[in-house]
Amino acid sequence: MLDEAAASLNEGEAADAERQAKAISALVRAERDVAQFLVEQSALAPEQDDEELRAELRRRLARFVEAERAGAPDAVLERIATEAVAR
């Protein structure tokens, strides 16, 4: 994703590069939030299966990447990135 953003910037596509950079930023925030969420969940519900949590993380990341590749607006990407934290 970083290479694509850099290529867009080098090709003079500043708006596209900015959109991609925002998507990367949202993904990084999502990963941080999910890590925090998992720590909190393990403290609250130690009986929850780690594999179930990993599966949820994979589903969220897949939805995020699919939306980003489809050109979803930043607000949609941010919602996907943060929705599990609100649960």
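This report walks through the helices, the core and the salt bridges of one predicted protein model.

## Before we start

Residues are counted from 1 along each chain as its sequence is written. Because the model is predicted, local features need pLDDT of at least 70 and side-chain atom pairs count only at pLDDT 80 or more, while totals for chains, interfaces and linings use all residues, and side-chain values use heavy atoms, with hydrogens and water left out.

## The overall picture

Let's begin with the whole chain. The protein has four helices and zero strands, so its elements read α-α-α-α from the N terminus on. Here helices (H or I, at least four residues) and strands (E, at least two) are DSSP runs, numbered from the N terminus.

How much of the protein is buried? Buried residues make up 28% of its 87 residues. A residue is called buried under 20% relative accessible area, exposed over 50%, and partly exposed in between (1.4 Å probe, protein chains only). The accessible surface of the protein comes to about 5800 Å², and 55% of that belongs to carbon and sulfur atoms. Such areas come from the Shrake-Rupley method with a 1.4 Å probe, and for residues only the protein chains shown count as cover.

Contacts also tell us about the fold. A contact means heavy atoms within 4.5 Å. Among the contacts in the protein with a separation of 6 or more, 49% are between residues 24 or more positions apart.

Ala35 is partly exposed, with a relative accessible area of 41%. Ala35 and Leu57 are 22 residues apart in sequence, and their C-alpha atoms are 9.4 Å apart in space.

Gln20 lies in helix α2 too. Is Gln20 buried or exposed? Gln20 is buried, because its relative accessible area is 7%. Leaving aside residues up to four places away in sequence, Gln20 touches Glu4, Ala5, Ser8 and Glu68.

Helix α3 has 20 residues (residues 50–69), which at 1.5 Å a residue should span 28 Å. The end C-alpha atoms of α3 are 29 Å apart, which agrees. For this check, the expected span is 1.5 Å times one less than the number of residues in the helix.

Which residues of α3 are buried? They are Leu53, Glu56, Arg60, Phe64, Ala67 and Glu68. Seen down the axis of α3, these buried residues fall within an arc of 100°, so they line one face of the helix. The arc is that of the directions from the helix axis to the C-beta atoms. On the other side of α3, Glu66 and Arg69 are exposed. After α3 comes Gly71, whose phi is positive, near 80°.

## The nonpolar core

In soluble globular proteins, nonpolar side chains tend to be buried together. A nonpolar core is a set of buried Ala, Val, Leu, Ile, Met, Phe, Trp, Tyr and Cys residues joined through side-chain atoms within 4.5 Å. The largest one here has ten residues: Ala23, Ala26, Leu27, Ala30, Phe64, Ala67, Ala72, Leu77, Ile80 and Ala81. Helices α2, α3 and α4 (74–86) each supply at least two residues of this core, and the largest share, four residues, comes from α2.

Not counting residues up to four places away in sequence, Leu77 touches Ala23, Phe64, Ala67, Glu68 and Ala72.

## Salt bridges

How many salt bridges does the structure hold? There are eight, each a side-chain nitrogen of Lys or Arg within 4 Å of a carboxyl oxygen of Asp or Glu. One of them pairs Arg19 with Glu68, the closest N and O atoms being 3.6 Å apart. This pair links distant parts of the chain, with Arg19 in helix α2 and Glu68 in helix α3, 49 residues apart. Arg19 is partly exposed at 24% relative accessible area, whereas Glu68 counts as buried at 6%. Asp16, Arg19 and Glu68 are linked in a network of salt bridges.

Another salt bridge joins the side chains of Arg32 and Asp33 (3.4 Å, N to O). Arg32 is exposed, with a relative accessible area of 51%, while Asp33 counts as buried at 13%. The side chains of Glu51 and Arg54 also meet in a salt bridge (3.7 Å, N to O). Because Glu51 and Arg54 are three residues apart in helix α3, about one helical turn separates them.
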